[in-house]
Amino acid sequence: MTAGGRPSQRKPDELRTVRIQRGFTRHAEGSVLVEFGDTRVLCTASVEERVPPFLKESGRGWVTAEYGMLPRSTNTRNDREAARGKQSGRTQEIQRLIGRALRAVTDLSALGPRSIQIDCDVLQADGGTRTAAITGGFVALHDALTWLRGKELIPALPLTDFVAAVSVGVHQGVPVLDLDYAEDSACGCDMNVVMTGGGNFVEVQGTAEGETFSRKDLDALLALAQRGIAELVGHQRRALGVG
């Protein structure tokens with residue numbers, strides 16, 4: 001493999017194959033199977049006519065998320081966290097990230113005093129599970145809000161924009177987009193970027209893994225992420241059938 005070559009043979013600025021399948025399960029108000037290459041995440045959105053205690057009497061709604069990996073979503077079996085009796089720090093961090101990302105584009109006042117719970121279950125992991133969960137979770141949220149509007153419980157969709165996420169990193173000295181596991185485990189630095197459809201940042205998580213990165217590297221990675229997220233928003237729009 002030449003310097004900068006990717007194990008998947010993709011170009012540095014090329015996403016994995018992205019698929020978004022709506023209505024994947026029967027009962028949830030919104031359900032999506034999202035695939036980033038071999039990473040597959042089931043995202044369901046459930047409407048609940050209640051809010052957390054800290055929002056009672058406020059008239060505002062809430063959007064929150066839970067995240068988990070099935071025991072054989074990876075190459076070896078992991079125990080369910082319920083069997084261990086507690087969630088890992090990684091799980092808590094990821095589900096908080098998903099919730100923050102989706103709330104960033106939701107008008108909670110217009111949602112009214114109800115909650116939407118987004119459950120993200122990783123069926124198969126090959127890197128980028130949190131970014132796939134955010135990207136698919138938004139589509140599931142959109143469908144749940146559309147369900148509410150169809151029931152005339154809200155007058156319009158309380159969404160201010162689209163939101164999606166992607167990973168980027170420096171692999172063999174070259175900035176690359178949408179890391180699979182082979183790249184993620186070998187990157188000198190990697191980051192997860194969450195952005196709105198309008199191009200504003202929601203969150204940037206970047207880490208040097210054994211080698212530092214320069215401001216020039218950071219700028220290149222953010223530009224790459226912005227381009228990738230624009231493509232992902234295009235996938236979301238096509239899946240939803242909106243312009």
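Analyst: Strand β4 supplies the largest share of the second largest pocket's lining, 4 residues. A pocket here is an open set of points on a 1 Å grid over the protein atoms alone, where a 1.4 Å probe fits, with protein on both sides within 12 Å along at least five of seven lines, and lining residues have an atom within 4 Å of a point. Strands are DSSP runs of E with at least two residues, helices are runs of H or I with at least four, and both are numbered from the N terminus. Keep in mind that this is a predicted model, where local features need pLDDT of at least 70, side-chain atom pairs count only at pLDDT 80 or more, and totals for chains, interfaces and linings use all residues. Residues are numbered from 1 along each chain as its sequence is written, and side-chain values use heavy atoms, with hydrogens and water left out.

Back to the pocket: β4 (62-69), α1 (81-84), α2 (89-103) and β5 (115-124) each give at least two lining residues. The space inside comes to about 430 Å³, a volume being what probe spheres set on the points fill, with points joined across faces, edges and corners. Of its 20 lining residues, Y67, G68, M69, E81 and T91 are the closest to the centre. By class, that lining has 6 nonpolar, 6 polar and 8 charged residues; Ala, Val, Leu, Ile, Met, Phe, Trp, Tyr, Cys and Pro count as nonpolar, Asp, Glu, Lys and Arg as charged, and the others, Gly among them, as polar.

The largest pocket has a volume of about 490 Å³. R90, G127, G128, Y181 and D184 are the closest to its centre, out of 21 lining residues. Its lining splits into 5 nonpolar, 10 polar and 6 charged residues, and β8 gives the most, with 3.

On to the rings: there are 2 aromatic pairs, counted when centres of Phe, Tyr or Trp rings (the six-membered one for Trp) lie within 6.5 Å, with planes under 30 degrees apart stacked, over 60 edge-to-face and the rest tilted. F54 and W62 are edge-to-face, because their planes sit at 90°, with the centres 5.2 Å apart. F138 and F162 make a tilted pair, 4.9 Å centre to centre and 45° between the planes.
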